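Subject: Structure handover and what was found in it

Dear colleague,

I am passing on to you the structure we spoke about, and I would be glad if you kept it open while you read the rest of this message. The sequence and the structure come just below.

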Amino acid sequence: MSFKQIIIQLVLAVITGLVLFFLLRPSNTYFIDNSRVVAHYVKLKGIDELLEEKKRQMQVEIDSASIYLNSIQGEKADVDTVRLAKELSRVNQLRQQFQGHLQAEDQRLSAEVRDELNSFIRSFSKKNGIDILFGATGGGNVLYAIDEIDITQELIEYIDEGAR
């Protein structure tokens, strides 16, 4: 056997070994359905209800100011238009402040949920020896995967345990 033949056989053996290694080794690559995990966590933490309650409280204040504004408009025909304009401006400012506050609160809670979920995901992945965990979204990060590597439910159960 010539030196060239030995090198060729050695290269083929290495290539065959690498192919077999990657084909036969257990995969530590999985995916989760991001939407399901986030929706579950938001429900578990009661975040939607919290935002809805804040919205209701703010709406009570806006309604109260609007009722007062309507009562002024219903007074005599010679109602002070300056006073009316000030009250209308106050109600509009109140609405804008509340909308800004709700938007800021929504952003704060979203960031909090993202950070907490990322912490759960890191912990879960390390605990289960996961090398890569993809997040499947409607946007197409994972276009197809076999059901056996979908561990969304396992992660949700892990979050449930840790959140109690």
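This is a predicted model: local features need pLDDT of at least 70, side-chain atom pairs count only at pLDDT 80 or more; totals for chains, interfaces and linings use all residues.

The chain has 164 residues, of which 23% count as buried. If you look at the contacts between residues with a separation of 6 or more, you will find that 81% of them are made by residues 24 or more positions apart in the chain.

H4 holds 47 residues and reaches 68 Å from its first C-alpha to its last, close to the 69 Å expected at 1.5 Å a residue. Its buried residues include Leu 94, Phe 98, Leu 102, Glu 105, Leu 109, Val 113 and Leu 117. An α-helix has 3.6 residues a turn, so residues three or four places apart point the same way. After the helix comes Gly 129, whose phi is positive, near 65 degrees.

Not counting residues up to four places away in sequence, Glu 105 touches Leu 51 and Lys 54. Ser 125 is also found in H4, and its relative accessibility of 11% is why Ser 125 counts as buried. The side chain of Ser 125 reaches the backbone oxygen of Ile 121 at 2.9 Å, and, leaving aside neighbours within four places in sequence, Ser 125 is in contact with Ile 130 and Leu 133. His 101, again in H4, has a relative accessibility of 38% and therefore counts as partly exposed. The C-alpha atom of His 101 is separated by 9.6 Å from that of Met 58, although these two residues are 43 residues apart along the chain.

Helix H5 covers residues 152-163, and its twelve residues should span 16 Å at 1.5 Å a residue, which agrees with the 16 Å between its end C-alpha atoms. The buried residues of H5 are Thr 152, Leu 155, Ile 156, Tyr 158, Ile 159 and Asp 160, and they pack against strand S1 (29-33), H2 and H4.

The last item is the largest pocket, which has a volume of about 180 Å³. Among the lining residues are Val 37, Val 38, Val 113, Arg 114, Leu 117, Asn 118, Ile 121 and Leu 133. By class, the lining has eight nonpolar, three polar and one charged residues. Ile 121 therefore turns up in two places in this message, since this residue lines the pocket and its backbone oxygen is reached by the side chain of Ser 125, which counts as buried.

With best wishes

Technical notes. Residues are numbered from 1 along each chain as its sequence is written. Side-chain values use heavy atoms; hydrogens and water are left out. On a 1 Å grid over the protein atoms alone, a cavity is a set of points where a 1.4 Å probe fits but cannot get out, and a pocket is an open set with protein on both sides within 12 Å along at least five of seven lines; lining residues have an atom within 4 Å of a point. Grid points are joined across faces, edges and corners, and a volume is the space filled by probe spheres set on the points. Ala, Val, Leu, Ile, Met, Phe, Trp, Tyr, Cys and Pro count as nonpolar, Asp, Glu, Lys and Arg as charged, and the others, Gly among them, as polar. Helices (H or I, at least four residues) and strands (E, at least two) are DSSP runs, numbered from the N terminus. Buried means under 20% relative accessible area, exposed over 50%, partly exposed in between (1.4 Å probe, protein chains only). A polar contact is a pair of N or O atoms within 3.5 Å; within protein, one must be able to donate a hydrogen and the other to accept it, and residues adjacent in sequence count only if both atoms are side-chain atoms. Contact means heavy atoms within 4.5 Å. The expected span of a helix is 1.5 Å times one less than its number of residues.
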